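Q: Could we go through the helix packing and the aromatic pairs here, starting with the terms?

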Amino acid sequence: MLFPIVIAALCRRGVPAMLCALALAPILHTPVHAQTRELTLAEAQKRALDRSYQLRGQDAAAQAARDLAVAARQLPDPMLKAGVDNIPFNGPDKYSLGRDNMTMRRIGIEQELPGAGKRALRGERYDRMAERTVAERRVAEAAIARDTALAWLDLYYGQQMTDVVDQAVRQADDQVLAQDAAFRGGRSTRGDLLAARSAAAQMRDRAATIHRQRENARDVLARWIGPASDAVASGVPDLTRISHNPDTLPEQLDHHPEVTVLDKSENLARTEARLAAAEARPDWRVEFAYQQRGPGYPDMVSFGVAVPLRWDRRNRQDREVAARVAMAEQAHAEREEALRMHAAEARSQIGDWRSGLARLNRYRTELMPLAQERVEAIAVAYRGGQAPLTDVLSARAAALDTRLQTLQLESETARLWARLNFLFPSNSLPEAR
């Protein structure tokens with residue numbers, strides 16, 4: 001803290017303004033590093049998966065379907081039946097429950113007897129529901145990993161862009177200090193000073209926009225991993241490789257999570273079609289009853305069978321079976337259409353990803369070095385009095401644009417990488433490079 005006070009005192013005692021500005025600039029712009037916590041992509045994804053209520057809910061739904069499958073395979077509960085038959089309505093034994101020889105107090109049991117094959121299909125239907133729920137969970141798992149990766153990458157590149165514009169702001173402020181000192185010493189014009197101030201103001205405005213974009217990315221990431229106000233995304237993965245073979249990926253999407261869900265939906269629909277055909281066959285019911293009569297009369301037992309009559313099968317049961325078969329065909333068609341769509345989407349994303357990598361290499365090896373060489377060449381000309389300050393400021397702005405465009409292109413390429421790399425939930429989490 002003593003050093004800047006000494007420098008300021010020297011400035012007040014007549015030390016040239018240019019030297020004061022150069023001495024104070026590093027101090028004025030020394031960043032204050034708050035304690036930060038590094039957050040890798042793998043850690044962010046793990047945290048998002050661990051805290052997801054959606055995955056917990058789907059686990060519960062799958063377990064519920066499995067429990068229902070066990071219950072559906074059992075015989076229905078028997079029905080206890082009780083009553084009184086043939087109570088006299090008039091005469092000397094009116095309303096008597098024991099004097100008339102026809103009056104009987106009855107207790108019995110009734111049991112419905114669906115076939116074993118039908119009960120097996122009822123259970124299988126819930127098994128198919130559980131399988132579909134598990135497949136839907138894998139879709140959600142892949143989506144959470146992918147969306148978390150996209151949010152993490154947005155934060156990472158937001159930080160990189162923020163560092164670039166913050167450095168540019170410091171350079172612009174240093175230029176203002178230098179021009180102000182030169183103007184006061186009679187070695188520069190007021191026009192150069194105003195140009196430097198204008199460039200610094202524009203740079204601060206641009207920095208504010210990029211800072212806001214970074215904070216927006218942090219807010220989106222917090223939706224997946226919880227509060228992330230102190231997190232610093234670090235350790236970007238290798239964007240030149242994905243965990244699948246990009247040349248054969250479009251033809252190997254049978255196990256794409258969303259296609260798998262449609263596979264399970266088709267299996268469920270076909271099971272329901274077979275169950276509808278089985279339900280068209282009536283279930284028998286049997287009943288056994290014990291009947292007690294009044295004193296002096298023998299007790300009795302009864303046995304009976306009940307069978308539903310399918311009197312309009314063509315317009316009821318057959319129609320339902322046909323509808324279930326049609327739904328199964330619909331599920332198959334949706335599955336095939338989704339497979340085509342995902343294959344086309346994968347081809348497009350792979351092409352864009354490869355194009356982005358090629359462009360990124362061109363930016364790094366050609367455009368950025370050329371922009372920097374141009375800044376240095378114009379700076380030399382300016383120091384030799386052969387170029388105005390506005391040319392220097394313009395070259396610096398162009399170089400900054402090139403750096404930001406490089407980062408933006410890398411960010412877009414990284415998003416394509418994430419969409420391809422996290423198609424499937426079983427992928428191992430990426431290692432940072």
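A: Angles between axes under 35 degrees count as roughly parallel, over 145 as roughly antiparallel, 65 to 115 as roughly perpendicular and the rest as oblique. The model is predicted, so local features need pLDDT of at least 70 and side-chain atom pairs count only at pLDDT 80 or more, while totals for chains, interfaces and linings use all residues. Residues are numbered from 1 along each chain as its sequence is written, and side-chain values use heavy atoms, with hydrogens and water left out.

Q: At what angle do α5 and α6 pack?
A: Helix α5 (residues 116-184) and α6 pack at about 160 degrees, their axes being 7 Å apart. The two helices are therefore roughly antiparallel. Axes are lines fitted to C-alpha atoms, for helices over the stretch in contact, and angles run from 0 to 180 degrees between N-to-C directions. Helices (H or I, at least four residues) and strands (E, at least two) are DSSP runs, numbered from the N terminus.

Q: Which residue classes make up that contact of α5 with α6?
A: The contact divides into 22 nonpolar, seven polar and eleven charged residues. Ala, Val, Leu, Ile, Met, Phe, Trp, Tyr, Cys and Pro count as nonpolar, Asp, Glu, Lys and Arg as charged, and the others, Gly among them, as polar.

Q: Is Arg218 buried or exposed?
A: Arg218, which lies in helix α6 (residues 190-225), is buried because its relative accessible area is 10%. Buried means under 20% relative accessible area, exposed over 50%, and partly exposed in between (1.4 Å probe, protein chains only).

Q: What does Arg218 touch?
A: Not counting residues up to four places away in sequence, Arg218 touches Leu155, Gln159, Ala228, Ser229, Asp230 and Ala231. Contact means heavy atoms within 4.5 Å.

Q: Changing topic, how many aromatic pairs are found in the whole structure?
A: The search finds three. In one of them, the rings of Tyr156 and Tyr157 have centres 5.0 Å apart and planes at 90 degrees, so this pair is edge-to-face. Rings of Phe, Tyr and Trp (its six-membered ring) pair if their centres lie within 6.5 Å; planes under 30 degrees apart count as stacked, over 60 as edge-to-face and the rest as tilted.

Q: What cluster do Tyr156 and Tyr157 belong to?
A: Together with Trp152, they form one aromatic cluster. Tyr156 is buried at 13% relative accessible area, and Tyr157 is buried at 2%.

Q: What about Trp417 and Phe422?
A: Trp417 and Phe422 form an edge-to-face pair, 5.7 Å centre to centre with 85 degrees between the planes. Both residues are buried.
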